[in-house]
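Morning, everyone. I have a few minutes on the packing inside one protein, so please have the sequence and the model open.

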Amino acid sequence: MKRLTPLALVAAMVTMLVACDDNNEDMTPTVLKPIAEHILGKWSQEYSYTLKDGKQEIALPEENEALFMTYRADGTAIEQLTLPPNGMTNISLQTWTVDEANNSITVGGYPMDIVSLDDRVMELKVPQYYDTDKDEMVQGEMYFRYVRMADEPTLAEWLIGGRWTYQDGYHKENGEWVKDTDPKPDELWYEYYEDGTSKKYLRLGDQETTYEYAWAVNLKSSQLALVNLESGNRTDYLLEKVDEDTYHIFSNLDTNANGDLIKGESYDVYKRQR
């Protein structure tokens, strides 16, 4: 089965199709009004499906695949798209509007019908989808089922907001963590934005340098990837959350037997200035 995310971002296809009976076909779906109020909050895409002979053919997410949408009252939405196989989550800022009379929503310029909406579940429908085998758009309805999530910040959301300022560096000596004695920069900080970009500022004496990046983070492993928007070079780190406004960042990474990144022998401490 072919599918795409509601914002026309094509994810990897699942190979398992699950056919199930629609036992509620005689029930009229509920769409709570006003839509613009009841849709607010965070939603997770549970699965997508098409209808064949009145039955649902369900495509479950692959491992390390997810889509979270957070709708806000100001007409903006935060999209967190996690793609397999590595499970890196890209975050982006979208705009959204609803047509209350026609039960439809447009997110990032992409229109969808609202099939159902209650306090727990939302289903959206699109009139076409992307066939990854044929590399083309196919006319045919596809449905996306979302479930409401607890409004707790993910690692990606936690990084957004405030300025993460360098405090100190540490390295291991004889198995013990020791504070670096090298001269510290006069100023060094990062900012992470909800449109998926990041900025780094470095000042050494009267020399100032600013770097701009695209960023993504792995919600499970805490791997952070920064791609320089000018050079295209990518740098990977591992984050360790210490408290709500402190993280350690490990840059000299190693890998274990499974090829997973593991912490190295040094780290830097950053604190958030709100």
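First, a term: a nonpolar core here is a set of buried Ala, Val, Leu, Ile, Met, Phe, Trp, Tyr and Cys residues joined through side-chain atoms within 4.5 Å. Keep in mind that this is a predicted model.

So, how many residues does the largest nonpolar core have? It has 24, and Tyr-71, Ile-105, Met-122 and Tyr-146 are the ones with the most contacts inside it. Strands β4 (66-71), β5 (76-83), β7 (104-107), β8 (110-117), β9 (121-131) and β10 (136-148) each give two or more residues to this core. Take Met-122 as an example. Leaving aside residues up to four places away in sequence, Met-122 touches Ile-39, Trp-43, Tyr-71, Ser-116, Leu-117, Phe-144, Arg-145 and Tyr-146. There is also a second, separate core, with 23 residues, including Ala-156, Leu-202, Tyr-213 and Tyr-247.

Next, the aromatic rings. The count comes to 17 aromatic pairs. One of them is Trp-164 with Tyr-247, a tilted pair at 4.6 Å centre to centre, with 35° between the planes. Trp-164 is in strand β11 (residues 163-173) and Tyr-247 in strand β18 (residues 246-250), so the pair links distant parts of the chain, 83 residues apart. Both Trp-164 and Tyr-247 are buried.Compare that with Trp-189 and Tyr-201, a stacked pair at 5.4 Å centre to centre and 20° between the planes. Trp-189 lies in strand β13 (residues 187-192) and Tyr-201 in strand β14 (residues 197-204), so this pair ties together parts that are 12 residues apart in sequence. Trp-189 and Tyr-201 are both buried. Arg-163 lies over the face of Trp-189, at 3.8 Å from the ring centre. Another charge over a ring is Lys-200, which lies over the face of Tyr-211 at 5.2 Å from the ring centre.

Some of the rings form a cluster. Trp-164 and Tyr-247 belong to one aromatic cluster together with Trp-158, Tyr-166, Tyr-190, Tyr-192, Trp-215 and Tyr-270.

Ala-216 is found in strand β15 (residues 207-218). Is Ala-216 buried or exposed? Ala-216 counts as buried because its relative accessible area is 8%, and the cut-off for buried is under 20%. Not counting residues up to four places away in sequence, Ala-216 touches Met-88, Thr-89, Asn-90, Gln-223, Leu-224 and Ala-225. As for Thr-89, 127 residues separate it from Ala-216 in sequence, yet the two are 5.4 Å apart in space, C-alpha to C-alpha.

That is what I have for today.

Technical notes:
Residues are numbered from 1 along each chain as its sequence is written. This is a predicted model: local features need pLDDT of at least 70, side-chain atom pairs count only at pLDDT 80 or more; totals for chains, interfaces and linings use all residues. Side-chain values use heavy atoms; hydrogens and water are left out. Helices (H or I, at least four residues) and strands (E, at least two) are DSSP runs, numbered from the N terminus. Buried means under 20% relative accessible area, exposed over 50%, partly exposed in between (1.4 Å probe, protein chains only). Contact means heavy atoms within 4.5 Å. Rings of Phe, Tyr and Trp (its six-membered ring) pair if their centres lie within 6.5 Å; planes under 30 degrees apart count as stacked, over 60 as edge-to-face and the rest as tilted. A charge sits over a ring if NZ of Lys or CZ of Arg is within 6 Å of the ring centre and within 35 degrees of the ring normal.
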